[in-house]
Amino acid sequence: MCRSIKTLRAPVTPEVTEDDIHAAALQYVRKVSGFRAPAAHNQEAFDLAVAAVTAATRELLEHLVVRGAHRHGTDHEHQH
């Protein structure tokens with residue numbers, strides 16, 4: 001029905017875009033709902049779910065701490 005959701009955390013995927021996050025959310029909602037494209041009467045619920053999963057995924061990725069992974073914007077990076 002839909003492609004697999006890829007791992008988006010560093011270092012597996014070092015440069016994650018908003019499109020990557022949205023695509024993962026869309027695939028999740030498609031899989032859970034069983035609809036690739038919902039009927040008109042389900043479109044609003046589908047879109048709201050994709051937006052909520054996108055936001056939750058973005059928040060998760062922003063707060064993950066992965067041992068050994070380089071975090072963009074760390075103090076170490078700014079030392080001269």
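Why does V32 count as exposed? The reason is its relative accessibility: V32 counts as exposed because this value is 58%, and exposed means over 50%. Welcome to this predicted model, a chain with 3 helices and 0 strands. Here is a short tour, starting with the overall layout and coming back to V32 along the way.

**Overall layout**
- The chain has 80 residues, and 21% of them count as buried.
- Take the contacts between residues at least 6 apart in sequence: 55% of these join residues at least 24 apart.

**Surface**
- I5, Y28 and V32 make a nonpolar surface patch of about 300 Å².
- To find V32 in the structure, look in helix 1, which covers residues 18-33.

**Confidence**
- The average pLDDT of the chain is 85, and 81% of the residues reach a score of at least 70.
- Helix 2 (residues 43-63) has the highest mean pLDDT among the elements of the chain, at 97.
- Helix 3 (residues 75-78) has the lowest mean pLDDT among those elements, at 43.
- Over residues 73-80, pLDDT stays under 50, and the model has 4 contacts beyond four places in sequence for this stretch.

Methods: Residues numbered from 1 in each chain as written. Predicted model: local features only at pLDDT ≥ 70, side-chain atom pairs only at ≥ 80, totals over all residues. Heavy atoms only, no water. Helix = DSSP H or I, 4+ residues; strand = E, 2+ residues; numbered from the N terminus. Buried < 20%, exposed > 50% of the residue type's maximum accessible area, 1.4 Å probe, protein only. Contact = heavy atoms within 4.5 Å. Patch = residues over 30% accessible without salt bridge, like charges linked within 9 Å, V, L, I, M, F, W, Y side chains within 5 Å. Areas by Shrake-Rupley, 256 points an atom, 1.4 Å probe, with all protein chains shown as cover. Salt bridge = Lys/Arg side-chain N within 4 Å of Asp/Glu carboxyl O. pLDDT = per-residue confidence, 0-100.
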